[in-house]
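Dear colleague,

Here is the structure I promised to hand over, with my notes on it written out below. Please keep it open beside you while you read.

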6 protein chains.
Amino acid sequence: MSIVVTQIDRPDSALVEKIAPFGVATLHEAQGRTGLLASYMRPIYRPAHIAGPAVTCEVAPGDNWMIHVAVEQCRPGDVLVVVPTSPCEDGYFGDLLATSLAARGVKGLIIEAGVRDIATLTEMKFPVWSKAIFAQGTVKETIANVNVPVVCAGARIRPGDLVVADDDGVVVIKRNSVADVLAKAQAREEKEERNRLRFVAGELGLDIYNMRQRLAEKGLNYVDRLPEE
Amino acid sequence: MSIVVTQIDRPDSALVEKIAPFGVATLHEAQGRTGLLASYMRPIYRPAHIAGPAVTCEVAPGDNWMIHVAVEQCRPGDVLVVVPTSPCEDGYFGDLLATSLAARGVKGLIIEAGVRDIATLTEMKFPVWSKAIFAQGTVKETIANVNVPVVCAGARIRPGDLVVADDDGVVVIKRNSVADVLAKAQAREEKEERNRLRFVAGELGLDIYNMRQRLAEKGLNYVDRLPEE
Amino acid sequence: MSIVVTQIDRPDSALVEKIAPFGVATLHEAQGRTGLLASYMRPIYRPAHIAGPAVTCEVAPGDNWMIHVAVEQCRPGDVLVVVPTSPCEDGYFGDLLATSLAARGVKGLIIEAGVRDIATLTEMKFPVWSKAIFAQGTVKETIANVNVPVVCAGARIRPGDLVVADDDGVVVIKRNSVADVLAKAQAREEKEERNRLRFVAGELGLDIYNMRQRLAEKGLNYVDRLPEE
Amino acid sequence: MSIVVTQIDRPDSALVEKIAPFGVATLHEAQGRTGLLASYMRPIYRPAHIAGPAVTCEVAPGDNWMIHVAVEQCRPGDVLVVVPTSPCEDGYFGDLLATSLAARGVKGLIIEAGVRDIATLTEMKFPVWSKAIFAQGTVKETIANVNVPVVCAGARIRPGDLVVADDDGVVVIKRNSVADVLAKAQAREEKEERNRLRFVAGELGLDIYNMRQRLAEKGLNYVDRLPEE
Amino acid sequence: MSIVVTQIDRPDSALVEKIAPFGVATLHEAQGRTGLLASYMRPIYRPAHIAGPAVTCEVAPGDNWMIHVAVEQCRPGDVLVVVPTSPCEDGYFGDLLATSLAARGVKGLIIEAGVRDIATLTEMKFPVWSKAIFAQGTVKETIANVNVPVVCAGARIRPGDLVVADDDGVVVIKRNSVADVLAKAQAREEKEERNRLRFVAGELGLDIYNMRQRLAEKGLNYVDRLPEE
Amino acid sequence: MSIVVTQIDRPDSALVEKIAPFGVATLHEAQGRTGLLASYMRPIYRPAHIAGPAVTCEVAPGDNWMIHVAVEQCRPGDVLVVVPTSPCEDGYFGDLLATSLAARGVKGLIIEAGVRDIATLTEMKFPVWSKAIFAQGTVKETIANVNVPVVCAGARIRPGDLVVADDDGVVVIKRNSVADVLAKAQAREEKEERNRLRFVAGELGLDIYNMRQRLAEKGLNYVDRLPEE
């Protein structure tokens, strides 16, 4: 038996709007270096940058049937997250499903599998982060679950968790941590902006971050010339 | 002893012209989900889209000599398909060979190995689908066969088979199946166009494809809330 | 104990300026097919093309502290080369470090690890060749060496060796060989230019390079039709 | 700040003893094809087969400090599960740590990273499932968490969940599902035993599982000879 | 529609018996360095060595239904060759299917996918060459073809072609070439045996194969000491 | 032009004999965590353990000619190190070359490429560490250098450097550092032996290495129960 969960809690949309402009690297730092998906999840075109609550969808290997079921559970602003129940790089998703998601106001797709029709998806500006690009088609024979917690590319994603994706990759922020991560990201960005001006002016990280003494204590030595081997 | 086959049968050029605009994903579906090359065959720039009869060329590892032999066998509209006799990612092909192929009216290159000078190839708009990008050079010491059947990236390609490549990858269509695949691709495209309008209007695949009953029979259950673990 | 070598010999800057326009594939050929880094070192955007003396920097896995130390050793025109002491794909380098290097006139970064903030790096036009793109952050706990000889992506690089990188990959030229490689690259390019005109005119490599007799001697046979299997 | 959770709930030891003889493939089937770790988790020697409650341990890349912390949390019969906070294949674990775990009665190690001293571990009969074998050493500079939920090789593992590993790989069973999975595994095994006898006697799966009619309905056709291409 | 071809031509069994003791490397050389499967096809235990006519079986991703159909087509002495229609590493095959094949006198399995229950298969001495070891189960929903030509791990295999597998990997010999390859393998082995005695006696390949003059002509130079860099 | 260097300096054989019993992990630690080859270099059988001075040999892709040249340069006790000039996994080495090396008293082979005839090599007890096992044969057309410095699997090896290989992998020790590394390895081993006894007795690393206070200072906290998410 498989289930589709129809009611999920999403983070406050005002918060999502505020956190959306932040990059994946910043948000990942802001929440203590957690929540990153594996580096093999890459955007099909660049630049691309989205943020939204996750609708999660399991699929059988080589079978995209459940994506059609998941589409109905998506609301405007959501991000669809698709995970195969065993590793598969088939092209589960193409231009028709993208048209359907775009018609519902979905922001984009995260899929730990393959995608196809990428020339059309690029023209449509429907962003996808995937493990592969592969024209291999799928069947519609096997059911699975929608809106249950999943592990996608090494990260646990629960329905309604916030997913942010940009050119650096994909990060998930727990639904209840969005406000906290936003505050930390803002603080981090402000500090980085101040430092950026100092870097532009030619100051060194060694001085901006007061590293010289700690480096010396660790045993770092400056020598004029490389000793002979 | 190695051979170069000088007479190969190509598909009717009028058919090739008609099938050329179709995408790899569509054609692969139209011929029963067969003929795809492995997903590691990627275009060096995007978008790119070609179709033409295959001239096939075996090469020894680290040795591009036979490509020069194969060039002479190419006619305007052909696609050159290069396969190493053992796995190799060296840069077998660069701007001079591309200039030579372009001068003969060849549409592009499919190579299960490496390619180099890709900045120039991109400027020239000479499309290549390859397994790797690698500046590593090759020698000219060992001969092999031209225009014999080959296995390229997991797919069997015979000389004169139709090769179609786009941003999604590469597909091969048997020479005698082109008319049949064209008809099926046209039918598929027409049906997809009709469905696309319904997707644009917000209809769901669940309804367009009448999936709800079959999903219920398989045991799909809708629940309001995720049961406690 | 770790060391930072503060005095390194760089190749003559006039020579660097002359060799800079040559591509990686040409230079690699010109120096006898040596010095290439592995093909997994890819530019974060294309086209990109840099040349400059190497400042080398070791880093511990998941620890980018030494990059800050290395920045101070860079002069205008240099290329920073970063190598982890054990394999790691973390995002060691982002927009702040790029700002710092750009402020010092550094041409670009070669890193056998991950990089992040690539949307910003692309906007800044700060070129990076890396093994991965990954938002995963790093710590600052462990020291290592700056300006010692390293092995980067399979190639040995000594401080002050010339590094050239373009869309095809990365090549290192020994500091004392730059003049010699330049001369060979120029000779090669001139010869290729002459041949290019012949290729454009439709001549075949078989004739331009006088290959037909040697191919026949090796046993190459032309047949009309493929023999039956 | 990092935490070490000192009290975790383990499954009933009598249940563990009963489920321990079952293989990974059987248990994975018995719990609805969930809970498998990725196929790159391989035993360092074969045959090997263990089962026990998980003590989970995060480690920084290239840093095995927290394993020493985790050892203290292990009880006889436990299985230690080690996960790096970013991908790393260093040799986190060798014969001294194995001696320490063996002295505490720990059954074995699951580590999504590298291991070393495998000749000694094999002699000691201390089983390890790892992502890599690599002599590369680690430092002790950075702290992380012990006994928090982790994602290991694509599967979520909570402290106290049951981990079973054999030559086929590793599976995790939720702590509260052990009794249920045991019952299903027993039923499955009994059924398989009955079928095995029929297979030994030369009966076909086609008949044992009554597949012939359903295959025909799907469109399977028997032909004497392959039609001409 | 899918087909099962029930009549296939097998090579003469006396020939198969004679060629069976030869190793994969020798046979691959004897037929002109063709017919090797990719190096990722590895035996689940070593040593192992089989030879027999191929029964070929396509399977859908994550679906092992057709293996049951293929079993019925196998005769004593055959080798079953299983190929997924898109890349998949699931565990398609375990101890029950092995029991069934063993009961029919099948020599072993070649599968470009995953296998499980390998501890039992090893005890049973049922040899398998596979792309992966993975406990992930499969379904029985989708049909495909049996005894049609396939591409397995980069090599084309037709039903009835001879498959030989040992610790070095897997090679396919065309059905009609078995006698010819056998003769060449015998000649090669005899020559190698004579050379082996000379190698054992301390003679060098340089002299046994008369290489010194040709090396000198190519430009090989002996120097006492490495010239300074 | 290619060269063969006939005179190389080897480390003192008494030293080699003393260092030979130490494992790769220990020696790598003893020389400051340097000199390891990449983890993809694996022994063809286990257990295996060798130590000896390196004779280095470059080979062209798919061409094993130079191995025959290198054999002549080997003395009893040496280890042959073979590196392709571009990445290649062909089977460069088999039982005849092993017979030749064994007849000369060579300890084993390190090859960043493929090897074949491994069943025979295993019977002969001739140990090989390779990147791949592959029956694919090679030609003898292209020359390269013997006994020049090489980069093998990411590590620089000069002729006469000491190579040690065991089940954990391969490490290179600079010729002039052997005495120093031996002393450090002995000291390390003695210390580890003392600690091993304490581990056997059930003491914890936390106490043996006095880690508790430093962990607390870094911020490690012990809690009874996992806080609610």
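In this predicted model, B:Asp9 forms a salt bridge with C:Arg225, and the closest N and O atoms of this pair lie 3.2 Å apart. The count of salt bridges between chain B and chain C is five, and there are also 18 residue pairs in polar contact between chain B and chain C, where both residues have pLDDT 80 or more.

If you look at which elements chain B brings to the side that touches chain C, you will find that β1 (2-5), α3 (65-73), α4 (95-103) and α5 (118-124) each supply at least two residues, and that the largest share, seven residues, comes from α3(B). Sorted by class, that side of chain B has 22 nonpolar, twelve polar and ten charged residues.

The strand β1(B) deserves a separate look, as it pairs in the parallel sense with β11 of chain C (residues 220-223) over four bridges; in this pairing, the bridge partner of B:Ile3 is C:Asn221 in β11(C).

As for the contact as a whole, it takes 44 residues from chain B and 40 residues from chain C. The size of an interface is often given as the accessible area lost when the parts come together. Between chain B and chain C the buried area is about 3,600 Å², and carbon and sulfur atoms give 58% of it. Within chain B, the residues that lose the most area to chain C are B:Trp65, B:His68 and B:Leu96, which together account for 17% of what that side buries.

With best wishes

Definitions and conventions: Residues numbered from 1 in each chain as written. Chains lettered and ligands numbered in written order. Predicted model: local features only at pLDDT ≥ 70, side-chain atom pairs only at ≥ 80, totals over all residues. Heavy atoms only, no water. Contact = heavy atoms within 4.5 Å. Buried area = accessible area lost by both parts, 1.4 Å probe. Salt bridge = Lys/Arg side-chain N within 4 Å of Asp/Glu carboxyl O. Polar contact = N/O pair within 3.5 Å; in protein donor to acceptor, adjacent residues only side chain to side chain. Nonpolar A, V, L, I, M, F, W, Y, C, P; charged D, E, K, R; others polar. Pairing = 2+ DSSP bridges.
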